[in-house]
Amino acid sequence: MKTELNYLDRNEFNFEPSQEVKDAIKNFDLNKLCFYTRIYDQGKKSIFSVFLSEQYSIDEKQIVLGYGAEDLLKMAVHYFLTGSDGNKTMLIPKFSWWYYKSIADEVDGRTLQYPVYETEDSFAYDFDGLRRMIAEENPKILLVASPNNPTGNGLTPDELEQLVGMVPATTVVLVDEAYASYVTEDISYIRNLIAKYPNIIFCRTLSKFYGLPGLRLGFGFIGKGETMERFSRYANKYLGYDRLSEEIGIAALKSDAHYREIARVMDEARRMYTDEIGSLPGFKVYKSMANFILIKYPIELKAALQQEFAGQSYKVKFMDEPDINSHMRITLGRREQNRMVADIILKVAKR
Ligand SMILES: Cc1ncc(COP(=O)(O)O)c(C=O)c1O
């Protein structure tokens, strides 16, 4: 019998979609796929952006949509690093998603890493270091991820505001909030910050908290003013968005309770990993608000851990980057999967 692989390596969703999502697919009117949406005749992008506009109490004009947060991030980085001012510099966190640098490279951008330091149980952005780099490098984009992948640390709305206050008006603060719904249900700070600062962009997605990475639906919120209006026109899809995804996306956002329940299972798993694995000699479990957990292990166990995970058909992410190469990032999954992962680690650690 072929054993199913357990994918806990890319922060996907090992649970079921909500009933509302299943119903939206079952009841979808297929004739809609035979026509483009006509919502653009009303000056709107999509029924999805209209829904978001109501949910977040934000003007629809300040909402941008993309095929996943990946698409939004790429559009923003390409657009702002190829502007007429010739400024191609982007600052990204030292430990972060590999994709940021790769999309800047596509347009010959110059990516510099700003410091992220380790604390007793977490990681943190180094605000002083960042302030110095901003003054020295005058970046076009300051990219922050909150929570950050793979370190799991995030920023409070006050800290975000501090950061926007640090940069010149010509620098765009691009906030990747792919995992933010795990941290707080509060979304009002987005409205406040985009009302106050014309140079900020928030990117969110249906891929993580709402468990639909296969849907490829991302959304963003942009500051007011000429610069962001131009970016919004650049990012717009003039013939509309995927009409099935729009409806599924709305159904997902309407079924928060289902996803909050799953987030509680993840809370349990975080506690379990912290108690059981964090107490092993040479191991450290970092605090994470997202749907993954980062664990440091004694480097001499790397090969044995990799072998044991592969043997049990479990895929987790073994980090190989400098200064973070004795770490693994594990997606929080179903209870029995989390138990199995912990047992694999315990088995190897206690050999
Ligand atoms: C920090 C971060 N941002 C964005 C994404 C991509 O999200 P999407 O599926 O919406 O493109 C990921 C995917 O793992 C991620 O880790």
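1. The lining of the largest pocket draws its largest share, 4 residues, from helix H3. Helix H3 (68-81), helix H4 (99-105) and strand E13 (314-318) each give at least two residues to that lining. Helices (H or I, at least four residues) and strands (E, at least two) are DSSP runs, numbered from the N terminus.

2. This is a predicted model: local features need pLDDT of at least 70, side-chain atom pairs count only at pLDDT 80 or more, and totals for chains, interfaces and linings use all residues. Residues are numbered from 1 along each chain as its sequence is written, and side-chain values use heavy atoms, with hydrogens and water left out.

3. The largest pocket holds about 960 Å³ of space. A pocket is an open set of points on a 1 Å grid over the protein atoms alone, where a 1.4 Å probe fits, with protein on both sides within 12 Å along at least five of seven lines; lining residues have an atom within 4 Å of a point. The volume is the space filled by probe spheres set on the points.

4. There are 39 lining residues, and Trp97, Trp98, Tyr99, Asn149 and Arg329 are the closest to the pocket centre. By class, the lining has 19 nonpolar, 8 polar and 12 charged residues. Here Ala, Val, Leu, Ile, Met, Phe, Trp, Tyr, Cys and Pro count as nonpolar, Asp, Glu, Lys and Arg as charged, and the others, Gly among them, as polar.

5. Helix H1 (residues 19-26) packs on helix H9 (residues 243-254) at about 160°, with axes 8 Å apart. Axes are lines fitted to C-alpha atoms, for helices over the stretch in contact, and angles run from 0 to 180 degrees between N-to-C directions. H1 is therefore roughly antiparallel to H9 (over 145 degrees). Glu20, Val21, Ala24 and Ile25 of H1 make the contact with Glu247, Ile248, Ala251 and Ala252 of H9. Contact means heavy atoms within 4.5 Å. This contact has 6 nonpolar, no polar and 2 charged residues.

6. The axes of helix H11 (residues 302-311) and helix H12 (residues 335-349) come within 10 Å and cross at roughly 140°. Ala304, Leu305, Glu308 and Phe309 in H11 meet Val341, Ile344, Ile345, Lys347 and Val348 in H12. That contact divides into 7 nonpolar, no polar and 2 charged residues.

7. Ala304 sits in H11. Not counting residues up to four places away in sequence, Ala304 touches Val348 and Arg351.

Methods:
Parallel < 35°, antiparallel > 145°, perpendicular 65-115°, else oblique.
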